[in-house]
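Reader: I am new to this structure and would like to learn how to read it. Could you walk me through some features, one at a time?

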Amino acid sequence: MNVSRRRVLQASLAASAVAALPALPSGPAAAAPPHARFERAEHEPDLSLGTRPRVAEVPSLFAEFQYKYNLYENMLTDFIDRPLFNDPSIRPATATYNTAESYFRDIAIARTYGFDGTGSLAVPSIALWDQVNGYLQAEPDRAPGHHEYPQFAFAGFTAFSTTDRHYVQARSVLQTALASPFSPRIAGRIPIATYNSGYVKLDVMEQFLTALRDEFGDTFAVVGQLVIDWADQVAYEADGGWSAAVRQKYADRIADLLAVYDGIQLEMPWPVWRLDYRSEAEFGAYDDHLSELVVEALARPENAGKLLCGQVRQGYENHFTMVTHGEFGTGRMRETLDRLVKLNPDMVFFFEWNEFNENTMIQPSVRNSLALQRLIKYYASIFTGTDPEPNEGDDITVPPLVLTHREEVKVGEKLEFELLNVPDTTTAASYTARLVLHDLSGRVVRDFGTETFDRARLRAVTFTVPSEWVSDLSVLVPRLTVTDSSGAPLEHHDLQHVRILPTTSSNYTTTRQSLRDILRPTSMSFDVTATADGRYRLVGEVTADEPLATLEVTDHGREFHAADPTGTYDLVDTVLIKGAPSSRSSRWENIRVEVTGAPGWEFHADRALYVKAIQRTGDVVTASAYVWLNRTAWFITVPEDRSPDARVSLTIGTEAHDFALADLVELGAHAQLFADGTGRDARCDWTVHRRQPDTPVHLGTPSAEIDVTLASAHTHPVFQLRAITVSGKIVRSAPIMPSRPVRSEPVPVISESTGAVVRAMVPRDSVPRLGYRLDEPRAGAALLAPANRPQHHAQLGGGLIYDEPFYVPTPVTGGFSHVPTWVTEDGRPALSFHTEQSWANFPIDTFPRGAFTLTMDVKPTLVDQRYVLFRHFSSILGSITLYVDTDGELVLGFGDKQTNTHVFRSGLVVPAMVWSTIRLSYDLRAFEFVVGTTRQTVQTPTPLQALYAKPAVFGGHVKVEFGLPAGAAYFQGFLGRLQIDHTAGTVRR
């Protein structure tokens, strides 16, 4: 099926290499010779189309859309990517999920992929389905040849009835689809893909489909999802295959599915977790068993006319939950498509077009560029039997090569660089490519040598370097030299750099740079100068031969400042603050915002969907805000010269709180609690926002410049100038790091290349050491991290939103404050935890997945009762649970990467009613417990690591999981010190 060849140059990453990596020196000695120490793999598949007889004359190809996303919404605050063709100028005056203009632009882009349409989860998102069908009905000339595919999603569908919402909505969808000229047909029937159908009992689904067929006849074809049981996935991984009995089980399951549904839906790989943080795609059971079983079943006479539907995803990187199914360059998508080509399916849908919450999107984006468009278009040509061709307007002298890699990597993870030739011709023609990595000084770090590609062959070459081998570097800069169609060299020094982070990473997406989509400006310059007051002057300009959409500066990969033709956000002479309300009960609330002492202040909704009906009278703004268990926010700008005298007041419902803006500017964070005693409690977290809050409207000119002086939120900022044209071309400057770390220190990490614990040299002041301020009541319900770590500011109470510890699944008693109070206890500042349930919530990656030292001073007031001290835990999943048992013993529970639970009893007692210093350290080999002056060390047989990075919480919660027994209470008492260090120091053995 696939032709894969792998060879390793210079050094293997197998177990034999482990002994060579007990420790790494710092400085230049850490770097191996530039031609050494990397792994090389190549992939060149056989893409001749399979011979299975199709039902469809031509396979239907479409992308699943989330119509709640659009091309105009603000994506900068919550998301880590945005649509490449984002255009704020088409935002409607009244907020809505979508508009006709955005919809028609999106489906026009989708057509360039070779898609014959788009689809959506019409059940249950029937309102959005009806909306886009209304657009098509109103303006059919804007969608020539377009098909709108309905899809059915199922949740909680355990019994059939004619009043169930699934059935009611499915009837409505079919009525609309059958009447629409835009509905697709395969053999005269509307094909309908499904979501979660594999988890609905077949007898329930049979009743559902029979009722629809009785009404609508043979006019539609619903395909059923083939689900592989978790136990069989585990068995395949453990045993390297399936027994004859398991194979027969799935032969029977396929037959049962086809007896009920009108076809079968395959998502080929399942996720497996090995050494990598990212799950890998496991195709083995499909290659060995399932593909053959499906083809055999479809060939039987009783299954004539049944459809084969393939489902494709390019990855899943949810930066809110940190659940990550790796993209591996374009590998996950390519390997799925390679196999579908051999199955010759009737229908293929791509999951998903524009899901920015989970970063599954294939839509052109700032990170994806047009790379996936080019790749999918090529595979579409194979499915449809047409010749591949360039994009309209392509400079075909530039090779059709795509470079893909991550923008940031945590030490211990793999640095991967994929070179992919995407054919645009059937005529053989060779070119060469040479990728070299440099450090910020221009020194060569790795030279991967010269590769030769044939423009007519799909071929990927991937280079892998263990990041612990270059861990003393903060930034790597790729440079690529290719030969054009005449053999002349083309130098690319305008590629995205890679940031190497010692202990954390919150972005596991990849950046894909198609050489044909890189802008070659007529002029470009960028310079950064540190100023005496700790800020940075950023001066840059770009001139191109086509109109620019944006010119912006990024800092550590996030949009920091942008040229704005409207001047909506003046970040130079104003203070920009962000307010973010949250609550466990979702509802619209009337809010009132007043800023006194600061004429000229402005109010802006972050996303207008959640802050509506904004009215202003003098210094008072009123609005309707959706306060819930997800992200709502607004921004306030205050003239900088007025900020010392300004006070900000917020009213939610009938309760009002205010604060001095000068205090917020000094501290960096402040939070207010709105506790009305009815269980409808809410909070608002305020922060100083030190980056671009929204994407400006398009510049529309061929040249633009930036000249601003701003403060960075980072000790060592990494600035880059980036320009994007209206046509979607991107150019990036070389990174500038105006201040660099000068000292290194060893940190134990787990190498994802070998599984061994190694000591990597990393920049010392890049390692988080988070001593929280317990002496600052001006922060209200916020708990302050060090000033240079604003991303780690914590909440007193809080943790209410999506996947935080007190998100909906976690039971909480309502009607009172969960916020500990600021007190002085025994002459020292402290926090008092003296309600039944109170806690402090810490953001993702505050507590690391690697080595750590957790230190706290506590004075417990519970006696003879089990209680929680600290958990690395969201509402689901985590790692450590540190608790005190009924006899006073300090106990640690640890949930590892395989979700196994380990319990370590320290033998140390935490006394009640007196202060104790508690310290827990882990160097990935042993835990060290300290209570007062007594210590105990406990070895771990293997390095333990959490499955995912998650938030953390002090004082709770009490979910019975990962070592915490039933009957535990929240901590009650006083907290006088809390420190979280992302290193273990020296654990005594």
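Author: Gladly! Keep in mind that this is a predicted model. Let us start with a pair of helices: the axes of helix H4 (residues 202-216) and helix H6 (residues 244-260) come within 9 Å and cross at roughly 25°.

Reader: How do I read that angle: which word describes how H4 and H6 lie to each other?

Author: The general idea is that angles under 35 degrees count as roughly parallel. With a crossing of roughly 25°, H4 and H6 are therefore roughly parallel to each other.

Reader: Which residues make the contact?

Author: From H4 come Leu202, Met205, Glu206, Leu209 and Arg213, while H6 brings Asp256, Leu257 and Val260. Sorted by class, the contact of H4 with H6 has five nonpolar, no polar and three charged residues.

Reader: Now the inside. Which residues of the largest nonpolar core touch the most other members?

Author: A nonpolar core gathers buried nonpolar residues joined through their side chains. The largest one here has 94 residues, and Phe115, Phe152 and Phe208 touch the most other members. Helix H9 (residues 371-384) gives the most to this core, with nine residues. To see one member up close, take Phe208: leaving aside residues up to four places away in sequence, Phe208 touches Phe152, Phe154, Phe157, Phe160, His166, Tyr167 and Ala170. Another core, of 57 residues, lies apart from it and includes Leu784, Tyr922, Val931 and Leu975.

Reader: What should I look for in a strand?

Author: Look at its cover and its partners. Strand E34 (residues 620-627) is mostly covered, with six of its eight residues buried. Strand E31 (residues 587-596) pairs with E34 in the antiparallel sense over eight bridges, and Trp588 has Tyr626 in E34 as its bridge partner. Strand E33 (residues 611-617) also runs antiparallel to E34, joined by five bridges. There, Thr617 has Val620 as its bridge partner.

Reader: How many residues lie between the strands in the hairpin of E33 and E34?

Author: Two, and Gly618 takes a positive phi near 60° in this hairpin.

Reader: Which residue other than glycine has a positive phi near 65°?

Author: That is Met322, in the loop between strand E13 (316-317) and strand E14 (324-325). Buried means under 20% relative accessible area, so Met322, at 1%, counts as buried. Phe962 has a positive phi near 55° and lies in the loop between E59 and E60. At 5% relative accessibility, Phe962 counts as buried.

Conventions: Residues are numbered from 1 along each chain as its sequence is written. This is a predicted model: local features need pLDDT of at least 70, side-chain atom pairs count only at pLDDT 80 or more; totals for chains, interfaces and linings use all residues. Side-chain values use heavy atoms; hydrogens and water are left out. Axes are lines fitted to C-alpha atoms, for helices over the stretch in contact, and angles run from 0 to 180 degrees between N-to-C directions. Helices (H or I, at least four residues) and strands (E, at least two) are DSSP runs, numbered from the N terminus. Angles under 35 degrees count as roughly parallel, over 145 as roughly antiparallel, 65 to 115 as roughly perpendicular and the rest as oblique. Contact means heavy atoms within 4.5 Å. Ala, Val, Leu, Ile, Met, Phe, Trp, Tyr, Cys and Pro count as nonpolar, Asp, Glu, Lys and Arg as charged, and the others, Gly among them, as polar. A nonpolar core is a set of buried Ala, Val, Leu, Ile, Met, Phe, Trp, Tyr and Cys residues joined through side-chain atoms within 4.5 Å. Buried means under 20% relative accessible area, exposed over 50%, partly exposed in between (1.4 Å probe, protein chains only). Two strands pair if DSSP finds at least two bridges between them.
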